[in-house]
Amino acid sequence: MKKTSVSEAVVSPVRIGRLSIGAIGALGVLALALGTLQSVVEPALPLLQRELGVSPAEGALIANALLVTGAVVTPVAGKLGDRYGGKRVLVRLMAVVSAGGLLAALAPNLPVLLLGQVLQGAMVGALPLSFILVRKHLPTGESQVAIGLVVALFTAGGMVGTLMAGPIAEGLSWHGMFALPTIAVIATTSVVTWLMPHDPPIRSDDRIDWPGVVLLSGTLLAFMLGLVTVTSAGLPPRAVGALAVVVAALATGWVVVERRAASPMVDLRMLAQPAMWNACLLTLVITTGFGMVAFLLPQLFAVPADGYGFGAGTTDIGLFLLPGAIAGAVSDSVGGIAARRFGPRAVVVVGAVVTAATMIALASMHTAAWQLVLAKVLTAFAAGVGTTALLAGTATAVETKDIGIATSLLVVTRVIGVALGVQAGGAILAAGAAPMTGRPAEPAFVTGFAAAGLVAALSLLVVRITKKGARA
């Protein structure tokens with residue numbers, strides 16, 4: 001009788017039969033609640049800027065506080081999920097998210113709100129943990145579709161948050177728009193705990209690579225804080241250079257530690273695979289362009305109508321952004337299927353062409369609300385299909401034991417790209433603000449849209465270069 005090794009048992013997907021429908025469904029509903037909590041800030045950002053008395057560049061910090069934590073926590077969560085089981089780590093992570101949501105709901109000022117956003121950022125780590133559970137309990141073909149579904153529901157939560165933020169903030173207060181989705185997260189976490197079967201941890205005598213964890217977290221934290229500081233505070237060249245040296249030193253130290261570790265946090269051989277680093281590079285470019293669009297459109301909607309803007313309130317901004325949120329949810333569900341049928345590269349090429357053309361057109365035509373709404377729909381769909389196709393393709397290309405860390409690195413890349421785009425958009429508007437009113441001038445928006453289009457076009461160049469490298 002053939003003896004089955006531990007590694008073989010881990011690689012083989014475990015079917016959970018009839019229970020899979022309820023368990024995967026509960027996981028999807030949790031993603032929906034998390035997406036709602038994450039997205040309430042976007043339509044309410046102009047309102048928060050007014051009530052807290054902050055500039056557009058400082059307002060970008062409110063949106064990015066969550067992303068900073070997400071970038072740091074996600075790879076750690078993915079690695080711990082690989083080691084100790086996705087469900088076990090997911091439940092503990094949701095306790096941190098819930099605490100952050102409640103803190104934001106009760107925040108009396110900006111510092112406390114930022115702290116709540118920082119704790120909520122742990123929610124980004126829920127995605128790779130969900131992918132671990134899906135991949136372990138479903139075969140490869142079905143898991144690609146299921147991953148797309150989970151990401152789609154997370155994005156659909158963005159639709160719900162976009163729609164509900166305005167009425168709650170204007171009817172009650174901005175505190176309420178954090179409280180309601182947090183209650184939903186607490187409730188759905190309880191359902192996932194009840195329905196989702198435990199995934200067995202990977203038994204190993206090797207210890208967790210804590211030096212690697214600390215150095216990678218420090219690298220990401222320094223990079224994200226440096227990004228936010230540079231774009232919002234306008235630091236002198238020497239300070240920017242010092243930040244770059246710190247990030248480079250931490251990154252170099254992390255690589256050295258990972259090469260020597262018996263059980264590294266990230267297997268550098270896995271990271272060096274063309275499928276992995278190509279996906280990371282393309283994801284970064286795609287999400288940077290989309291982050292710029294996601295920040296610029298609400299700002300333009302909120303500009304008073306006596307000039308070139310639309311004078312929209314929070315509720316109206318949410319309604320304007322709603323079609324784009326719907327398109328994003330649909331695109332994420334399609335992304336997994338498209339990756340399976342056409343391959344990630346083909347999907348990325350189509351999305352890049354659509355986004356670049358849309359942004360260049362928007363730079364010259366942005367006088368009607370429908371133009372902005374259509375632009376958000378097209379760019380959200382293109383970015384969602386492209387990044388989800390890359391994510392689904394990577395999740396099924398690596399070994400099962402590396403799913404958590406591999407997908408978490410891609411999720412972190414998405415977070416970094418969006419944060420980079422948001423901060424770049426904020427910096428462009430701040431640089432183009434009128435001295436008397438502090439309001440961004442119209443050319444600043446034109447510059448922002450054109451820059452987003454050029455970033456999207458860069459995806460085509462990256463695809464061409466990486467394709468040649470793969471053939472070589």
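**Entry 1: the model.** I am working from a predicted model. Rolling a probe the size of a water molecule over the atoms shows where empty space is left.

**Entry 2: the count.** How many cavities of 30 Å³ or more does the structure hold? I noted three.

**Entry 3: the largest cavity.** I looked up its volume, which is about 930 Å³. Its lining is made up of 41 residues. Nearest the centre I found Gln 38, Glu 42, Phe 290, Ala 294 and Val 418. Among the elements that give two or more residues to this lining are helix 2 (19–39), helix 3 (41–52), helix 8 (140–171) and helix 17 (403–431). Which helix gives the most to the lining of the largest cavity? I wrote down helix 13, with seven residues; this helix spans 274–302. Sorted by class, the lining has 22 nonpolar, 15 polar and four charged residues.

**Entry 4: the second largest cavity.** Here I recorded a volume of about 100 Å³. I listed 14 lining residues, with Ile 286, Gly 351, Ala 352, Thr 355 and Ala 383 nearest the centre. At least two lining residues come from each of helix 13, helix 15 (344–364), helix 16 and helix 18 (442–471). I sorted this lining by class too, and it has eight nonpolar and six polar residues but no charged ones.

Methods: Residues are numbered from 1 along each chain as its sequence is written. This is a predicted model: local features need pLDDT of at least 70, side-chain atom pairs count only at pLDDT 80 or more; totals for chains, interfaces and linings use all residues. Side-chain values use heavy atoms; hydrogens and water are left out. On a 1 Å grid over the protein atoms alone, a cavity is a set of points where a 1.4 Å probe fits but cannot get out, and a pocket is an open set with protein on both sides within 12 Å along at least five of seven lines; lining residues have an atom within 4 Å of a point. Grid points are joined across faces, edges and corners, and a volume is the space filled by probe spheres set on the points. Helices (H or I, at least four residues) and strands (E, at least two) are DSSP runs, numbered from the N terminus. Ala, Val, Leu, Ile, Met, Phe, Trp, Tyr, Cys and Pro count as nonpolar, Asp, Glu, Lys and Arg as charged, and the others, Gly among them, as polar.
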